Amino acid sequence: MIEIRGIRKAFGPVAVLNGIDLSIAKGEIVALIGRSGCGKTTLLRCINFLEDYDAGEIKLDGEVLWYRQLETGERRRHSERDLARQRQRMGIVFQQFNLFPHMTALENVCLGPRFGQKLPGPTAELRAREHLARVGLADRVNSYPAQLSGGQQQRVAIARALAMKPQVLLLDEITSALDPELVAEVEDVIRALTQEGIAMVLVTHAIAFAREIAHRIAYLAEGQIMEIGTARDMLDRPRDPGLQDFLRRIR
């Protein structure tokens, strides 16, 4: 589903991604772990092209994303229309909920289908209601963000991403801004989504959750994937010394 080859990204003189290669199958869940600043979130943002990257190639279901290669060897960004179309194939949920405070939960979830996919209002509303029900918020469709708990707001954000019917869902530390008692309700939603066949890339420090939900875990350090494997192999039998030290410190 996703093919990432040779992705490099620097902020000025600081290299953040140093040649990332990663393949993710349809329906596969890959968790990215590592110390703060190792490049996890930057990689996620590059996949969705919220962050430009300096070199490399990203494909989604065989389609080259974001750039086209010229015969001269140079690369050129796709048109804004093509970029918008490609972005609609992915959903992304951030650590912060990023809901519009002046809109109800229903209105927040309707936005993408109505204006991104040009669905008629009633069709977009029906889809939004379906996805809010999927995340357990059928009774809060008319609530504003300020009237919702942090866990409920994050579930609205997940429903908003799902309403675009993405092939891939990118999740960036989606529980780290929540109080501990609210984490479980968001994790339950993601557990339910594992039956949907959506490929997911999950940046997380919740190692127990990654063990439970991920098909594979990738450990990043110094802008590279230093080790990747099944959750059991990575967490119970880590080979990389940096991963061994990282796991000792967080357990």
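First, the ground rules. The model is predicted, so to speak of a local feature I need a pLDDT of at least 70, and side-chain atom pairs count only at pLDDT 80 or more, while totals for chains, interfaces and linings use all residues. Residues are numbered from 1 along each chain as its sequence is written, and side-chain values use heavy atoms, with hydrogens and water left out.

Let me start with the sheet of four strands. It is open, its order is β2-β1-β4-β5, and its pairing is antiparallel. Strands here are DSSP runs of E of at least two residues, helices are runs of H or I of at least four, and both are numbered from the N terminus. Two strands pair if DSSP finds at least two bridges between them. The edge strands are β2 and β5, and each of them pairs on one side only.

Strand β1 covers residues 2–11 and strand β2 covers residues 14–24; they pair in the antiparallel sense over eight bridges. With β4, strand β1 runs antiparallel and is joined by five bridges. Across that pairing, Arg5 stands opposite Glu57 in β4, and Arg8 stands opposite Ala55 in β4.

Next, helix α1. How many of the eight residues of α1 are buried? Six are, so the helix is largely enclosed by the rest of the structure. Buried means under 20% relative accessible area, exposed means over 50%, and partly exposed is in between, with a 1.4 Å probe and protein chains only. The buried residues of α1 are Lys40, Thr42, Leu43, Leu44, Cys46 and Ile47; note that a lysine is on that list. Phe49 follows α1 and has a positive phi, near 65°.

Phe49 takes us to the aromatic rings. A search of the whole structure finds five aromatic pairs. Rings of Phe, Tyr and Trp (its six-membered ring) pair if their centres lie within 6.5 Å; planes under 30 degrees apart count as stacked, over 60 as edge-to-face and the rest as tilted. Phe49 and Tyr53 form an edge-to-face pair, 6.1 Å centre to centre with 75° between the planes. Both Phe49 and Tyr53 are buried. Phe49 and Trp66 form a stacked pair, 5.2 Å centre to centre with 5° between the planes. Where do these two residues lie? Phe49 is in the loop between α1 (40–47) and β4 (55–60), and Trp66 is in the loop between β5 (63–64) and β6 (67–69), so the pair ties together parts that are 17 residues apart in sequence. Trp66 counts as buried because its relative accessibility is 0%.

Ring pairs link Phe49, Tyr53, Trp66 and Tyr67 into a cluster. Arg75 lies over the face of Tyr67, at 3.9 Å from the ring centre. The test for a charge over a ring is NZ of Lys or CZ of Arg within 6 Å of the ring centre and within 35 degrees of the ring normal.

Now the other sheet. Six strands form an open sheet in the order β8-β9-β10-β3-β11-β12, with mixed pairing. At the edges stand β8 (90–93) and β12 (224–230), each with a single partner strand, so one side of each is left without a neighbour in the sheet. Strand β8 pairs with β9 (residues 168–172) in the parallel sense over four bridges. The bridge partner of Gly91 in β9 is Leu169.

Last, two helix pairs. The axes of α5 (residues 150–162) and α6 (residues 180–193) come within 8 Å and cross at roughly 20°. Axes are lines fitted to C-alpha atoms, for helices over the stretch in contact, and angles run from 0 to 180 degrees between N-to-C directions. Helices α3 and α5 pack at an angle of about 25°, with their axes 8 Å apart.

Lys118 is found in the loop between α3 (105–116) and α4 (121–134). Is Lys118 buried or exposed? Lys118 is exposed, because its relative accessible area is 63%.
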